[in-house]
Amino acid sequence: MIFDIHSHIIPGVDDGASSMEESIEILRSLKKQGVDRVIATPHFYASEVSINQYVDTISAAFERLLEHTQGMDLPELICGSEVHCFRGMSRSEDLRKLCIHSSRYILLELPYRSLDEKLVQEINDIAINMELTPILAHIDRYLAFNRYEELLRLFRYGDIHGQINADALCHGLGRKKVLQFFEEDCCIYLGSDAHNMNNRPPKMDKALEYLQKKQGQRGIQKLYECSEQLYSELMKNPGREKYL
């Protein structure tokens with residue numbers, strides 16, 4: 001199963017797809033690349049909108065996307081969000097409303113800077129005290145600010161997971177370092193982080209091709225196993241297509 005857990009395909013809600021037509025074009029491309037399931041993860045910034053306002057807006061927009069694509073040969077759609085870390089988030093009960101498919105999984109975007117003790121504590125509190133499972137979005141990007149070992153330390157107990165952007169495995173000198181995450185004893189997912197078909201299109205097929213080339217079936221199998229486990233957990237809440 002190819003599971004894209006990070007995408008911006010809900011039209012008109014963030015800097016992703018600007019129209020329903022563009023959303024469908026991205027989804028068709030993902031289908032052609034062999035993707036079976038996609039999590040829509042529009043941006044959430046606490047400084048711009050309240051959680052309740054965001055949830056109302058995204059739920060309605062996601063419902064429109066489901067209705068418009070009904071009957072089309074496209075990947076299965078699941079609703080989530082990409083939550084930019086904010087101060088006090090581990091003390092916000094409303095944070096649960098931003099979890100993927102009303103589950104315990106939440107996709108978090110870290111600030112683009114070195115990790116500090118307060119941020120690490122905040123993430124750990126979400127995992128331990130709130131009993132949620134943070135998935136850190138595009139961990140490949142944070143290598144520019146943090147050592148590989150510092151990021152890996154976040155995943156050592158298994159209650160925090162990581163997501164790698166497909167684009168990071170398609171080009172650049174850093175992709176050899178990104179590959180190392182697949183060799184570790186931690187849960188890693190792949191996401192297209194697709195925003196459009198021009199400068200930020202999905203590249204899931206190319207990423208999987210590179211992973212297969214460098215790590216063979218071992219790397220692919222690990223990715224599939226992590227994806228299957230995540231999907232199984234998400235589907236424990238059947239029929240919950242909205243946040244609320």
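Predicted model: local features only at pLDDT ≥ 70, side-chain atom pairs only at ≥ 80, totals over all residues.
Two strands count as paired if DSSP finds at least two bridges between them. Keep that in mind, please.

Strand β8, residues 161-165, is joined to β9 by four bridges. The two run parallel. On to β7 and β8. They pair over two bridges, again in the parallel sense. Here Ile135 stands opposite His161 in β8. As background, strands of a sheet pair through backbone hydrogen bonds, and the pairing can be parallel or antiparallel.

Now step back to the sheet they belong to. In what order do its six strands come? The order is β3-β5-β6-β7-β8-β9. The sheet is open, and the pairing is parallel. Which strands stand at the edges? They are β3, residues 43-44, and β9. Each has a single partner strand, so one side of each is left without a neighbour in the sheet.

Next, which way do the side chains point? In a regular strand they alternate between the two faces of the sheet. Look at β8. His161, Gln163 and Asn165 point one way. Gly162 and Ile164 point the other way. How many of the five residues of β8 are buried? Five of the five. Then look at β9, residues 188-191. Both of its faces are covered. Ile188 and Leu190 are buried on one side, Tyr189 and Gly191 on the other.

Let's zoom in on His161. It lies in strand β8. What does His161 touch, beyond residues up to four places away in sequence? Its contacts are Tyr105, Thr133, Pro134, Ile135, Leu136, Phe155, Cys187 and Tyr189. Among them is Ile135, the residue that stands opposite His161. Compare Val178. It is 17 residues from His161 in sequence, and their C-alpha atoms are 15 Å apart.

Now the loops. His101 lies in the loop between β5, residues 82-84, and β6, residues 105-109. Its phi is near 55°, which is positive, and His101 is not a glycine. Glu131 also has a positive phi, about 60°, and is not a glycine either. Glu131 sits in the loop between α3, residues 117-128, and β7, residues 133-136. Glu131 is at 62%, and exposed means over 50%, so Glu131 counts as exposed.

One more loop residue: Pro75. Find it between α2, residues 51-69, and β4, residues 76-79. Pro75 is buried, at 5% relative accessible area. Leaving aside neighbours within four places in sequence, it is in contact with Leu27, Leu30, Lys31, Val35, Asp36, Arg37 and Val38. Ala144 is 69 residues from Pro75 along the chain, and 32 Å separates their C-alpha atoms.

Finally, the whole protein. Its secondary structure comes to six helices and nine strands. The radius of gyration is 17 Å, close to the 18 Å that the globule rule gives for 244 residues, so the protein is as compact as a globular protein of that length. Its C-alpha atoms fill a box of roughly 45 × 45 × 35 Å along the principal axes. Of the 244 residues, 56% are buried. What about contacts along the chain? Take those between residues at least 6 apart in sequence: 79% of them join residues at least 24 apart.

Last, the surface and the charges. The protein exposes about 11,300 Å², and carbon and sulfur atoms supply 45% of that. There are 29 positive and 37 negative side chains. How far apart are the centres of the two sets? They lie 4 Å apart.

Conventions:
Residues numbered from 1 in each chain as written. Heavy atoms only, no water. Rg over C-alpha atoms; globule rule 2.2 N^0.38 Å. Buried < 20%, exposed > 50% of the residue type's maximum accessible area, 1.4 Å probe, protein only. Contact = heavy atoms within 4.5 Å. Areas by Shrake-Rupley, 256 points an atom, 1.4 Å probe, with all protein chains shown as cover. Lys, Arg positive; Asp, Glu negative; His and termini not counted. Charge placed at Lys NZ, Arg CZ, Asp CG, Glu CD.
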